[in-house]
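Visitor: I am new to this structure and would like to learn how to read it. Could you take me through a few of its features, one at a time?

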Amino acid sequence: PDPRPPEVIAQAELAGLESSGLWEEGRRKEFYAALTGILRRYLERRHSFPATRETSTEIQRRLRRLDFDRELLGVCKGLFDRADLVKFSKVEAEPPWGPADLSAARRLARETSPRELAVPGDRP
């Protein structure tokens, strides 16, 4: 197991996804599969529930039960909903979706980490 805090792992994985070129190469399904995989692993590590084995809807329900911040819950739901559309239907991802969702994932990891574990300069 990786000894780093969950948010540090997630931020490193998100940086790797950004530099992977998947979005720029038009590999949208792969991009969203990687993005949601990173978020699922983060949520699993941070909140100790099996997010990698749950559906997007199950994750949303669980986060509501954990009293997840309402605004962040909306961000998370929007991201997973768009990802599911791209991964499982014939919906084409709009050009701004990938960068915006990558930014949203970074925000989720940053704003759901305990303040004392946040990377310096990561919070306002």
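Visitor: Is E54 buried or exposed?

Guide: Before answering, note that this is a predicted model, in which local features need pLDDT of at least 70, side-chain atom pairs count only at pLDDT 80 or more, and totals for chains, interfaces and linings use all residues. Residues are numbered from 1 along each chain as its sequence is written, and side-chain values use heavy atoms, with hydrogens and water left out. A residue is called buried under 20% relative accessible area, exposed over 50%, and partly exposed in between (1.4 Å probe, protein chains only). E54, at 12% relative accessibility, counts as buried.

Visitor: With which residue does E54 form a salt bridge?

Guide: A salt bridge here is a side-chain nitrogen of Lys or Arg within 4 Å of a carboxyl oxygen of Asp or Glu. The partner of E54 is R62, with the closest N and O atoms 2.5 Å apart, and R62 is partly exposed, having a relative accessible area of 25%.

Visitor: How many salt bridges does a search of the whole structure find?

Guide: The search finds 12. One of them joins the side chains of E30 and R27 (2.7 Å, N to O); E30 is partly exposed at 41% relative accessible area, and R27 is partly exposed at 33%. Another links R107 and E111 (3.1 Å, N to O), and these two residues both lie in helix α5, four residues apart, about one turn of the helix. Salt bridges that share partners join E71, R107, R110 and E111 into one network.

Visitor: Which residues have the most contacts inside the largest nonpolar core?

Guide: A nonpolar core is a set of buried Ala, Val, Leu, Ile, Met, Phe, Trp, Tyr and Cys residues joined through side-chain atoms within 4.5 Å. The largest one has 32 residues, and those with the most contacts inside it are F31, Y32, L35 and L63.

Visitor: Against which helices do the buried residues of α4 pack?

Guide: Contact means heavy atoms within 4.5 Å. The buried residues of α4, among them L72, L79 and F80, pack against α2, α3 and α5. L79 is also one of the residues that L35 touches, when residues up to four places away in sequence are not counted.
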